[in-house]
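Morning, everyone. Please have a look at the structure on the screen, and I'll talk you through it.

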Amino acid sequence: MVRVSRVLLRDARVGINKTLSEILVCPLSKQPLRVCEESGSLISDAIGVSYPVVDGIPSLVPKDGKILATDDIEKPDSDVALDSANKEYPSGTL
């Protein structure tokens with residue numbers, strides 16, 4: 001049994017259950033986190049911080065987070081929607 005567990009932990013790069021990844025939020029911004037397969041971490045696009053996943057366990061302690069370069073941050077879809085809404089209704093027209 002222990003042997004199987006070690007293999008699963010070793011082979012699981014990020015190893016986060018899909019349901020769990022949908023529930024987790026950034027401890028600072030309270031916004032959803034994105035799973036990054038490349039780095040094996042959880043990314044908060046809202047504030048540009050990467051949280052490590054160690055042996056399948058996310059470390060969401062703010063001091064463990066690493067600030068990302070602006071090139072690594074994806075623009076969330078909600079910002080795109082806000083940009084288009086601002087074009088339709090410029091400030092002061094409502």
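Let's start with burial. Buried residues account for 22% of the protein's 94 residues. Keep in mind that this is a predicted model.

Now the surface. The accessible surface is about 7100 Å². Carbon and sulfur atoms own 56% of that surface.

Next, the layout. How many helices and strands does the protein have? There are three helices and five strands. Walk along the sequence and you read α-α-β-β-β-β-β-α. So much for the order; on to contacts. Take contacts between residues at least 6 apart in sequence. Of these, 31% join residues at least 24 apart.

Let's go inside. Which residues form the largest nonpolar core? Eight of them: Ile16, Leu24, Cys26, Leu33, Leu42, Val49, Tyr51 and Val53. Strand β3, residues 49-54, gives the largest share of this core, with three residues.

Pick one core member, Leu33. Set aside its neighbours within four places in sequence, and look at what Leu33 touches. The contacts include Leu24, Cys26, Leu42 and Tyr51, which are core residues too. Leu33 also contacts Ser21, Val25, Ile43, Ser44 and Leu60.

Last topic, the cysteines. Cys36 sits at 16% relative accessibility. Buried means under 20%, so Cys36 counts as buried as well.

Definitions and conventions:
Residues numbered from 1 in each chain as written. Predicted model: local features only at pLDDT ≥ 70, side-chain atom pairs only at ≥ 80, totals over all residues. Heavy atoms only, no water. Core = buried A, V, L, I, M, F, W, Y, C linked by side-chain atoms within 4.5 Å. Buried < 20%, exposed > 50% of the residue type's maximum accessible area, 1.4 Å probe, protein only. Helix = DSSP H or I, 4+ residues; strand = E, 2+ residues; numbered from the N terminus. Contact = heavy atoms within 4.5 Å. Areas by Shrake-Rupley, 256 points an atom, 1.4 Å probe, with all protein chains shown as cover.
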